[in-house]
Amino acid sequence: NYHRGTPGMERVLYREIPSSATRLTLLKTGAIDVAEDLVTRERRSLEDDAGVHITSVQGNLGVIFGLNNSIEPFTDKRVRQAVAYAMPIEDIINTVYFGDSSVRLFQGPLPDQYPGYPASWPYQPRDAAKAEELLAAAGKSSFTFDLSYSTIYPEHEQIAQLIRTAMNEIGVEARLQKLAPAKYQEQYYSHQAQSVIVQDAPFVVDGAYAEFLFFGPGKGAVGNWIDYVNPTAQDKIMKALGTAELAQRNALAKEAAQQIVEDVPWPMYLGIGFHMAMRSNVTGLVWRPHNLVHLADLRKT
């Protein structure tokens, strides 16, 4: 008696195929019907394949480069700002994502469709001289830090390599820590990583919710893996959460976002879009803000 009726498919086989290149090959040959998390280059190779179609939505999914605000030298806001000024955003978009139209810099700590989005990011275009000036003012003209990322997403390794090159140009060494998923999750959830690349999205299209998730105080802020603390911003976040009147709620969220931009706990928040590659006879996919596939939506002819 489920209100949506009987699903269009009686059986779904979900296979673990760690290599995206293998998923690509199996999709092209028809051995599988849907392939998740293909990299941009692989999706491009399918554009002229009549047997495959790709659903793409700008969406809210993002790649975040975060600095642990409780570990030196990132306890100093000037150091975090310097890293942000040195970020090779254009290189990442053009080299890793081939200039894909869905990939863009989120100018603030929220996806660009969310209420409270500040549309303000003073750290780009890249300014290496400004970065060096801030590091000198902080007494950190040269230092080394660890950058952790997971083996799950090949594009994250390319991003990490570009960040390392950009940091070298301002006298900073980023030591890349390529971690297996279990070790990566341990570093991420335990707040042990000095800096980390994360792929995530706030499921609810609400600025106050998203800000609390990633920057709020207390244990409820499960996404605050960079130990962000600023009582001024966090007070506004909590007030916004408790405000039902939307205009006031969104205004508080925007004020909090503007403070977070100044504190720059994330030197990069890159919207990468949602993409799903499927055989041409598979239809019905619906994108939702949680970026998960509801298999009951799908139909196979």
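This is a predicted model: local features need pLDDT of at least 70, side-chain atom pairs count only at pLDDT 80 or more; totals for chains, interfaces and linings use all residues.
User: How is the packing of two helices described?

Analyst: Two packed helices are described by the angle between their axes and the distance between the axes. Helices (H or I, at least four residues) and strands (E, at least two) are DSSP runs, numbered from the N terminus. Axes are lines fitted to C-alpha atoms, for helices over the stretch in contact, and angles run from 0 to 180 degrees between N-to-C directions. Here, helix H9 (residues 231-241) and helix H10 (residues 246-263) pack with their axes 8 Å apart, at an angle of about 160°. H9 is therefore roughly antiparallel to H10 (angles under 35 degrees count as roughly parallel, over 145 as roughly antiparallel, 65 to 115 as roughly perpendicular and the rest as oblique).

User: Which residues make the contact of H9 and H10?

Analyst: Contact means heavy atoms within 4.5 Å. From H9, the residues include Thr232, Lys236 and Ile237, and from H10 they include Arg249, Leu252 and Ile260. By class, the contact has eight nonpolar, two polar and four charged residues (Ala, Val, Leu, Ile, Met, Phe, Trp, Tyr, Cys and Pro count as nonpolar, Asp, Glu, Lys and Arg as charged, and the others, Gly among them, as polar).

User: At what angle do the axes of helix H8 and H9 cross?

Analyst: The axes of helix H8 (residues 207-215) and H9 cross at roughly 135° and come within 9 Å. H8 and H9 are therefore oblique to each other. Tyr209, Phe212 and Phe215 are among the H8 residues in the contact, and Ile237, Met238 and Leu241 are among those of H9. The residues of this contact divide into eight nonpolar, one polar and one charged.

User: Why is helix H3 described as largely enclosed?

Analyst: Buried means under 20% relative accessible area, exposed over 50%, partly exposed in between (1.4 Å probe, protein chains only). Eight of the 10 residues of H3 (residues 77-86) are buried, so the helix is largely enclosed by the rest of the structure. The cover over these buried residues includes E3, helix H5 (128-137), strand E5 (143-150), H6 and H10. H3 and H5 pack at an angle of about 165°, with their axes 8 Å apart. H3 is therefore roughly antiparallel to H5.

User: Is Asn60 buried or exposed, and what polar contact does its side chain make?

Analyst: A polar contact is a pair of N or O atoms within 3.5 Å; within protein, one must be able to donate a hydrogen and the other to accept it, and residues adjacent in sequence count only if both atoms are side-chain atoms. Asn60 is found in the loop between strand E2 (52-57) and strand E3 (62-67). At 1% relative accessibility, Asn60 counts as buried. The side chain of Asn60 makes a polar contact with the side chain of Asn291 (2.8 Å). A polar atom of the Asn60 side chain also lies 3.2 Å from the backbone oxygen of Pro202.

Definitions and conventions. Residues are numbered from 1 along each chain as its sequence is written. Side-chain values use heavy atoms; hydrogens and water are left out.
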